[in-house]
Amino acid sequence: MNPIFADLPTTVFEVMSQMARETGAINLGQGFPDDPGPVDVRQKAAEAVISGWNQYPPMMGLPELRQAVADHYRHHQNLTLDPQQEVMITSGATEALAGALMALIEPGDEVVLFQPMYDAYLPLVLRAGGVPRFVTLRPPHWRFTEEDLAAVFTPKTRVVLINNPLNPAASIFPAEDLDLLGRFCQRFGATVVSDEVWEHVVFDGRRHLSVLAIDSLRDRAVKIGSAGKIFSLTGWKVGFVVAAPAIMKVLSKAHQFLTFTTPPNLQAAVAYGLTKDDGYFAGMRADLQRSRDLFHAGLVQAGFRVLPSAATYFINVDLASAGINDDVAFCKTLVAEHGVAAIPVSAFYAQTPVTSVVRFCFAKKDETLNGALDRLVNVF
Ligand code: PMP
Ligand code: GLN
């Protein structure tokens, strides 16, 4: 048995959801929305199942979905993409990440990771034979500097794995940070794998900037998206990978032996969904922003120090000023004694973690958020 996986604990999302089920707590841990997703998109999937779109679709994805992804990114992010050579459909962003790391890393290659990082990254990098080099980000701004990059890039750096917007920090790397990263990648010949699954979930009028829009990264980056986050359908697992043709060639080789394809009925529905007008995307953002504001105000009232949430379904509190520096113990007490499940952010670090930050998912109905706030009032 391979120790990288044999010795892994169960993912923190499953652990906290399980504790919430056992205790009957309100689950603001694992990131999934209450919103059932757009009914017309779900209807399309149902029709596609019934009308018989149920056999293997083409390995690279349904042509109409690859075209829809290219059109969507042209409209929303001003990217010019060739759907034939630069777009592939995967079974969620997770498959895309696993495939990209398998395809791009040779054992011994170094991979730059920014912690806090999504919990799937490190095991996948290690299993692909990569040697992790960590840049540590801290609240409240969660940004990196030129010195941080200079300390981790070496001639062995092959891949940089970045998540923007960043889960769990709920922050966005500004253009100047991506430019800086681009300069380092160019100098060291590294490829960026950019997990942009939260690209549509950005607030306060912000617009997403893809790594593919940075000139120095256009042909040395893999952009990963997910229909799960775009349509509040997290269980659908339809991912999009975009990369220059030379990179895409090798990514497709990993995909063909990981899953080969992704359910065609879901692909057809997502192709339809991506053509929705700007009103849908603005409405989704506005709804979530309203939930964020409601929950933020309640947390402040309950006495928490709240960190800014610029994107994602998440908002963080920093407990250091309350003298609390054990986020895991805090979350256990929170679920057991106060009936609210949250995620300790230290779970997203591999070394020298930040241990005072706790993440809540606010993508919930008002009554759920208000119910949780009623319980959180008694914490301090
Ligand atoms: N990357 C990040 C940063 C995520 O937050 C998530 C899910 N929340 C994923 C990847 C997984 O996406 P998918 O469900 O499409 O595999
Ligand atoms: N991405 C979601 C989160 O950050 C959960 C995904 C999962 O359960 N693996 O909460």
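These legends describe close-up views of a predicted model.

**View 1. The annotated domain spans residues 25-376.** The UniProt record, an unreviewed entry, labels this span "domain: Aminotransferase class I/classII large". Its end C-alpha atoms lie 12 Å apart.

**View 2. Helix α6 packs against helix α11.** Two packed helices are described by the angle between their axes and the distance between the axes. Here α6 covers residues 92-104, and α11 covers residues 245-258. The angle is about 120°, and the axes are 8 Å apart. The angle therefore makes α6 oblique to α11. The crossing of α6 and α11 is right-handed.

**View 3. Residues from both helices build the contact between α6 and α11.** From α6 come Glu-95, Ala-98, Gly-99, Ala-100, Met-102 and Ala-103. From α11 come Val-250, Leu-251, Lys-253, Ala-254, His-255 and Leu-258. Sorted by class, eight of the contact residues are nonpolar, two are polar and two are charged.

**View 4. Ligand 1 has 14 residues around it.** Which of them come nearest? They are Gly-92, Ala-93, Thr-94, Asn-167 and Ser-226. Helix α6 gives the largest share of this shell, with three residues. By class, the shell has nine polar, three nonpolar and two charged residues.

**View 5. Ligand 2 has its own shell of residues.** Around ligand 2 are Thr-11, Phe-13, Gln-30, Gly-31 and Asn-167. Four residues of this shell are polar and one is nonpolar. None is charged. Asn-167 belongs to the shell of ligand 2, and Asn-167 is also among the residues that come nearest to ligand 1.

**View 6. A cis peptide bond runs from Gln-115 to Pro-116.** Its omega is near 15°. Where is Pro-116 found? Pro-116 sits in the loop between β3 (110-115) and α7 (121-127).

**View 7. Pro-139 and Pro-140 are joined by a cis peptide bond.** Omega is about 5° for this bond. Pro-140 is part of the loop between β4 (131-136) and α8 (146-152).

**View 8. Ala-170 has a positive phi.** The value is near 65°, in a residue other than glycine. Ala-170 belongs to the loop between β5 (157-163) and α9 (175-188).

Definitions and conventions
Residues are numbered from 1 along each chain as its sequence is written. Chains are lettered from A and ligands numbered from 1 in the order in which they are written. This is a predicted model: local features need pLDDT of at least 70, side-chain atom pairs count only at pLDDT 80 or more; totals for chains, interfaces and linings use all residues. Axes are lines fitted to C-alpha atoms, for helices over the stretch in contact, and angles run from 0 to 180 degrees between N-to-C directions. Helices (H or I, at least four residues) and strands (E, at least two) are DSSP runs, numbered from the N terminus. Angles under 35 degrees count as roughly parallel, over 145 as roughly antiparallel, 65 to 115 as roughly perpendicular and the rest as oblique. A crossing is left-handed if the near helix is turned anticlockwise from the far one by less than a right angle, and right-handed if clockwise. Two residues are in contact if their C-beta atoms, placed from the backbone, lie within 7 Å. Ala, Val, Leu, Ile, Met, Phe, Trp, Tyr, Cys and Pro count as nonpolar, Asp, Glu, Lys and Arg as charged, and the others, Gly among them, as polar. UniProt positions are given in the numbering used here, feature names are shortened, and annotations may be inferred rather than shown by experiment. A residue is near a molecule or strand if its C-beta atom, placed from the backbone, lies within 6 Å of it.
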